[in-house]
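Here are my notes for a first look. Please keep the structure open while you read them.

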Amino acid sequence: TILSLGLGWISSVFGDVDELTSGAFEQGATQIAEIFGSSNAEVALSPGETSMGQDETTTVTLAVRNSGITTANEVYATVEAIAFGGGATDTLLCGFDDTGTSTTNKYSLGSGDSMSRGLIAKDVGSDLGTYICAVTVHGLPTSSGDGESTSLVITIE
């Protein structure tokens, strides 16, 4: 009896895990579709502009799509924090959720495939004002040698 109950419980747990996993993948695909919408952009941020208080952290989604006809084997992104008006800043940290640094891992994207990563911005003592997390995606077959760029505009309030 105990063995039957235990097996039933384990089967139920694995069924729940399967549902959660498939739900997470569906939600991710939906978010990517919403970000790109009907645009032809290969790189997009959602949202592209946000505000936060001093010493707070915010996360947005970076979506990358390979619209080329070949597979892109080493797609990665870099980010740099910039104070509005130019110049790097060390009081706003910008990084990615897969590495915790300013550079993502490298990914392989087939023709028409897309992926998303979280872009995290953390304030560590900035003055009030506007800052930018400048993102560059490298390795897409249709981009120029410098990569595809986009920016997250952050207002510290």
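1. Start with Thr104. A polar atom of the Thr104 side chain sits 2.9 Å from the backbone nitrogen of Ala77. That is a polar contact (a pair of N or O atoms within 3.5 Å; within protein, one must be able to donate a hydrogen and the other to accept it, and residues adjacent in sequence count only if both atoms are side-chain atoms). Thr104 belongs to the loop between strand 5 and strand 6 (107-109). Thr104 is buried, at 6% relative accessible area. Buried means under 20%, exposed over 50%, partly exposed in between, with a 1.4 Å probe and protein chains only. Leaving aside neighbours within four places in sequence, the contacts of Thr104 (heavy atoms within 4.5 Å) are Tyr76, Ala77, Phe96, Asp98, Thr99 and Arg117.

2. A word on the basis. This is a predicted model, where local features need pLDDT of at least 70 and side-chain atom pairs pLDDT 80 or more, while totals for chains, interfaces and linings use all residues. Residues are numbered from 1 along each chain as its sequence is written, and side-chain values use heavy atoms, with hydrogens and water left out.

3. Now the overall layout. The protein chain has 1 helix and 9 strands. Both are DSSP runs numbered from the N terminus: helices are H or I with at least four residues, strands E with at least two. The order along the sequence is α-β-β-β-β-β-β-β-β-β. Of the 157 residues, 33% count as buried. Among contacts with a separation of 6 or more, 71% join residues 24 or more positions apart.

4. Next, the disulfide. The whole structure holds 1 disulfide, defined as a pair of cysteine sulfur atoms within 2.5 Å. The partners are Cys94 and Cys133, with sulfur atoms 1.9 Å apart. Cys94 is in strand 5 (residues 92-96) and Cys133 in strand 8 (residues 129-138), so the pair ties together parts 39 residues apart in sequence. The S-S torsion is about -60°, so the disulfide is left-handed. Cys94 is buried at 12% relative accessible area; Cys133 is buried at 0%.

5. Val135 touches residues including Leu45, Ala77, Phe96 and Leu119.
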